[in-house]
Amino acid sequence: MNAVAVDARWQIRPMHPSDIPRVAAIDQAAYEFPWTAGIFDDCLRVGYSSWVAVSLAGRIDGYAMMSMAAGEGHILNVCVDPLMQRAGCGRQLVAHLLEIAATAELSIVYLEVRPTNAAALALYQQFGFSEIGRRPNYYPAADGREDAVMLAWEPTA
């Protein structure tokens with residue numbers, strides 16, 4: 001993994017079912033087309049690697065979810081409360097997921113991101129993600145659909 005400094009303003013801990021209302025509220029505040037509480041519940045139920053970033057004040061400021069199977073990972077979502085964006089929380093969550101991927105000896109980690117999300121694209125590139133393709137009409141958008149940029153990260157030896 002490319003070395004990217006993270007700070008300790010957030011403790012990353014496993015997501016619990018009791019966290020779902022706060023996590024869903026963050027998602028709703030951050031996205032025009034948020035996930036439902038049921039989707040988060042399903043992700044926990046099937047055992048996805050699900051984490052929350054808890055501030056020193058005890059508030060959940062962000063979350064991250066990744067599926068892992070057959071030696072590969074897929075980052076499903078990384079989301080930070082809009083009031084806390086660009087403060088380092090997302091960076092710490094991504095670093096945590098990639099540490100898990102490296103520890104699990106995953107050969108590759110994939111994700112999709114909106115091409116209009118320049119901040120997220122820059123963050124993933126700082127971690128060494130590379131564009132590997134596009135998924136046409138992947139995301140719902142106010143004016144129809146938006147493509148997804150497909151990114152991949154491979155751990156270094």
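Analyst: Let's start with Phe129, which is buried at 4% relative accessibility; buried means under 20% relative accessible area, exposed over 50%, and partly exposed in between, using a 1.4 Å probe and protein chains only. Tyr124 is buried too, with a relative accessible area of 7%. Keep in mind that this is a predicted model, where local features need pLDDT of at least 70, side-chain atom pairs count only at pLDDT 80 or more, and totals for chains, interfaces and linings use all residues. Residues are numbered from 1 along each chain as its sequence is written, and side-chain values use heavy atoms, with hydrogens and water left out.

Now for the pairs: there are four aromatic pairs in the structure. One of them joins Trp35 and Phe40, with 5.2 Å centre to centre and 50 degrees between the planes. That makes the Trp35–Phe40 pair tilted, because rings of Phe, Tyr and Trp (its six-membered ring) pair if their centres lie within 6.5 Å, and planes under 30 degrees apart count as stacked, over 60 as edge-to-face and the rest as tilted. Trp35 is partly exposed, at 23% relative accessibility, whereas Phe40 is buried, at 0%.

What about a bigger grouping? Trp35 and Phe40 belong with Tyr63 to one aromatic cluster.
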